[in-house]
Amino acid sequence: MTLPSHTRRLLGLDPGLTATGWGIVDVTGSRLVHVANGTVKSKAKDALSDRLAMLHDGVASIIAAHQPDEAAIESVFVNKDGQATLKLGQARGVAILAAAQAGLDVAEYAPNHIKKSVVGAGHADKRQMMAMVTMLLPTCDPHSEHSVDALAVAITHAHGTAGSARLAAALEAKA
């Protein structure tokens, strides 16, 4: 029995106050196709409120341009610099808000889970991530480590939701 093919468009986000990476991937069954990627940047000299607004507007415009079906974002890791962690959380918040305002469900994945899903090791380095993302998405040309990380988030989400999508399609076909 062949299940009907259904393509889903996924938006992966790697949040950051200075640079938020984004990546769009189409998923049909287990097949991944790169659509687009980039980085939304803010200027360090601008007021925090202006930087957050710039990130929100950038993510919202990407969503409007590419019309993803779902979004996924990297969760916050806590580091020794409490201020940096707080700012990262604020950047994450505006990215999630932009997706929620567009009606997208937003999944969250821990950094180690993303690395393990894409590379096979939870402590993979940037070079390994780049190699695997470009192997899995051969037509992509990521312009920054942020867009590589965002594509990795989208790939992780595709891997994590593929089973449930196949189950839903099988149940729908049976009904």
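Of the 175 residues of the chain, 45% count as buried. The model is predicted. The exercises below go from the whole chain down to single residues.

**Exercise 1. The chain as a whole**

Task: How many helices and strands does the chain have, and in what order do the elements run?

Solution. 
- Step 1. Count the elements. The secondary structure comes to five helices and five strands.
- Step 2. Read them from the N terminus: β-β-β-α-β-α-β-α-α-α.
- Step 3. Look at contacts between residues at least 6 apart in sequence. Of these, 58% join residues at least 24 apart.

**Exercise 2. Bridge partners**

Solution. 
- Step 1. On the strand 2 side, L11 is bridged to I24.
- Step 2. On the strand 4 side, the partner of L11 is A71.
- Step 3. Go on to strand 5. There, Y109 is the bridge partner of E74.

**Exercise 3. Strand 4**

Task: Which residues of strand 4 point one way, which point the other way, and are they buried or exposed?

Solution. 
- Step 1. E70, A72 and E74 point one way.
- Step 2. A71 and I73 point the other way.
- Step 3. Check the burial. Five of the five residues of strand 4 are buried. That includes the residues on both sides of the strand.

**Exercise 4. Two helices**

Task: How do helix 1 and helix 2 cross, and which residues meet there?

Solution. 
- Step 1. Set up the axes. Helix 1 (residues 48–66) and helix 2 (residues 82–101) have axes that come within 9 Å and cross at roughly 35°.
- Step 2. Assign the hand. The crossing is right-handed.
- Step 3. List the residues. Helix 1 brings L48, L52, L55, H56, V59, A60 and I63. Helix 2 brings Q90, A91, V94, A95, L97, A98, A99 and Q101.
- Step 4. Sort the residues of this contact by class. Twelve are nonpolar, three are polar and none is charged.

**Exercise 5. D26**

Task: Where is D26, is it buried or exposed, and what does its side chain contact?

Solution. 
- Step 1. D26 is in strand 2 (residues 19–28).
- Step 2. Apply the cut-off. D26 counts as buried because its relative accessibility is 15%, and buried means under 20%.
- Step 3. Leave aside neighbours within four places in sequence. D26 is then in contact with T7, R8, R9, R31, L32, V33 and V35.
- Step 4. Pick out the polar contact. The side chain of D26 makes one with the side chain of R9, at 2.7 Å.
- Step 5. The C-alpha atoms of D26 and L11 are 9.0 Å apart, and the two residues are 15 apart along the chain.

**Exercise 6. Two loop residues**

Task: Where do S42 and Q67 lie, and which is buried or exposed?

Solution. 
- Step 1. S42 lies in the loop between strand 3 and helix 1. Q67 is in the loop between helix 1 and strand 4.
- Step 2. S42 has a relative accessible area of 7%, so S42 is buried. Q67 is at 55%, so Q67 counts as exposed. The cut-off for exposed is over 50%.
- Step 3. List the contacts of S42, leaving aside neighbours within four places in sequence. They are L17, T18, R51 and M54.
- Step 4. The side chain of S42 makes a polar contact with the side chain of R51, at 3.0 Å.
- Step 5. Check the backbone of Q67. Its phi is positive, about 50°, although Q67 is not a glycine.

Notes. Residues are numbered from 1 along each chain as its sequence is written. This is a predicted model: local features need pLDDT of at least 70, side-chain atom pairs count only at pLDDT 80 or more; totals for chains, interfaces and linings use all residues. Side-chain values use heavy atoms; hydrogens and water are left out. Helices (H or I, at least four residues) and strands (E, at least two) are DSSP runs, numbered from the N terminus. Buried means under 20% relative accessible area, exposed over 50%, partly exposed in between (1.4 Å probe, protein chains only). Contact means heavy atoms within 4.5 Å. A polar contact is a pair of N or O atoms within 3.5 Å; within protein, one must be able to donate a hydrogen and the other to accept it, and residues adjacent in sequence count only if both atoms are side-chain atoms. Axes are lines fitted to C-alpha atoms, for helices over the stretch in contact, and angles run from 0 to 180 degrees between N-to-C directions. A crossing is left-handed if the near helix is turned anticlockwise from the far one by less than a right angle, and right-handed if clockwise. Ala, Val, Leu, Ile, Met, Phe, Trp, Tyr, Cys and Pro count as nonpolar, Asp, Glu, Lys and Arg as charged, and the others, Gly among them, as polar. Two strands pair if DSSP finds at least two bridges between them.
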